[in-house]
Amino acid sequence: MIPPPLSHPEFWEKQGYPTFERFWQVCNRVLEALNRLTLNAGKPKEKHHILIRYLCISTGISYADVGLLVGNGCGLSAMKIVRTTLEAAVNAEYLRLEPAEHRQFLDWSFIEQHRKLEYMRKHMPTDYTRLDPEMVANTEKRYKVVRPKFLQPNKKLQQSWCQRSLRERAEKTKFEEMYSIVYMLSSELSHVSFGGLAQHVESFEEEGTQPAIPPSLTRCAEALNSAHYCALRAVGTLVSINDADSTPSLAALKSDYDYAWSDSNAPSV
């Protein structure tokens with residue numbers, strides 16, 4: 001058994017570990033595989049493989065974050081992070097399938113940097129004047145160069161680096177089932193819509209509703225399952241670009257996933 005999280009050890013001992021015992025038994029193995037394929041890997045074969053590695057590292061970090069939150073009974077907060085986990089895993093696989101678009105991903109950073117500088121210029125003028133003028137000038141120069149790439153026919157900028165929406169990228173990368181689950185739940189929570197507020201209801205009682213105040217099992221299963229799936233898919237992406245299996249093997253990690261979630265409605269891998 002792994003050591004209990006510090007915040008709510010009683011929840012961990014009575015609910016957190018027993019409820020997801022099979023997951024906790026295998027959870028670190030997918031991280032081991034990610035580490036060997038990224039942090040401890042050799043020189044990548046292609047330049048865009050570096051970007052894919054970073055996206056997979058981000059997936060693994062978010063996966064670990066989700067585990068920490070769930071171990072403390074914070075499933076609703078974990079579900080918000082799963083949205084990030086999903087997008088990183090989707091983008092990694094998408095760039096594997098569409099390697100030419102990695103330049104778009106990188107160039108979009110100058111659009112984001114320009115927006116930050118504009119914000120500082122308008123709302124933080126004192127801090128703005130302290131910035132390195134050469135850095136500001138270079139950023140604005142690069143912004144002007146890349147901006148035409150992201151203009152729509154109506155001359156407005158795209159909403160993100162890719163012309164395809166996240167849903168479309170999820171469909172292309174065979175993440176559509178997980179996308180439908182994660183996006184619905186996490187977006188409601190992140191935007192604090194009525195559906196998001198309703199997710200905070202843990203039970204109904206005579207006096208009214210009982211909110212899911214941590215520690216609680218509410219959304220813990222969905223968060224862990226989704227993050228585990230995304231981490232596993234990230235390993236699959238890395239295995240594909242390396243033309244070599246992971247350690248533990250991808251087949252073994254798929255078996256781990258099935259073992260952990262065989263009693264749930266988990267997406268197939």
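A residue is called buried when its relative accessible area is under 20%, exposed when over 50%, and partly exposed in between (1.4 Å probe, protein chains only). C162 counts as buried, at 5% relative accessibility. C230 also counts as buried, at 0%. A disulfide is a pair of cysteine sulfur atoms within 2.5 Å. Zero disulfides were found in a search of the whole structure.

The model is predicted: local features need pLDDT of at least 70, side-chain atom pairs count only at pLDDT 80 or more, and totals for chains, interfaces and linings use all residues. Residues are numbered from 1 along each chain as its sequence is written, and side-chain values use heavy atoms, with hydrogens and water left out. Here pLDDT is the predictor's confidence in each residue, from 0 to 100. The protein has a mean pLDDT of 89, and 86% of its residues reach 70 or more. Confidence is lowest in strand β1 (residues 201-205), with a mean of 50. Confidence is highest in helix α12 (residues 250-261), at 98. Where pLDDT is low, the predicted coordinates should not be read in detail.

The protein has 12 helices and two strands. Helices (H or I, at least four residues) and strands (E, at least two) are DSSP runs, numbered from the N terminus. Along the sequence, the pattern is α-α-α-α-α-α-α-α-α-α-β-β-α-α. Of the 269 residues, 41% count as buried. Contact means heavy atoms within 4.5 Å. Among contacts between residues at least 6 apart in sequence, 70% join residues at least 24 apart.

Helix α11 covers residues 220-242. The expected span of a helix is 1.5 Å times one less than its number of residues. For the 23 residues of α11 this gives 33 Å, and the end C-alpha atoms are 33 Å apart, which agrees. In α11, 19 of the 23 residues are buried, so the helix is largely enclosed by the rest of the structure. Just after α11, D243 takes a positive phi of about 55 degrees.

Aromatic rings were examined next. Rings of Phe, Tyr and Trp (its six-membered ring) pair if their centres lie within 6.5 Å; planes under 30 degrees apart count as stacked, over 60 as edge-to-face and the rest as tilted. The structure holds 12 such pairs. F23 and Y63 form an edge-to-face pair, because their ring centres are 6.2 Å apart and their planes stand at 80 degrees. F23 lies in helix α2 (residues 21-37) and Y63 in helix α3 (residues 47-71), so the pair ties together parts that are 40 residues apart in sequence. F23 is buried, at 3% relative accessible area. Y63 is buried too, at 4%.

F175 and Y229 are also edge-to-face, with centres 5.9 Å apart and planes at 85 degrees. This pair links distant parts of the chain: F175 is in the loop between α8 (166-172) and α9 (176-191), Y229 is in helix α11, and they are 54 residues apart. F175 is buried at 1% relative accessibility, and Y229 is buried at 4%. Ring pairs also link W12, Y17, F20, F23, W24, Y63 and W261 into a cluster.

A charge sits over a ring if NZ of Lys or CZ of Arg is within 6 Å of the ring centre and within 35 degrees of the ring normal. The charged end of R233 sits over the ring of F175, 4.0 Å from its centre. R22 lies over the face of Y259, 5.4 Å from the ring centre.
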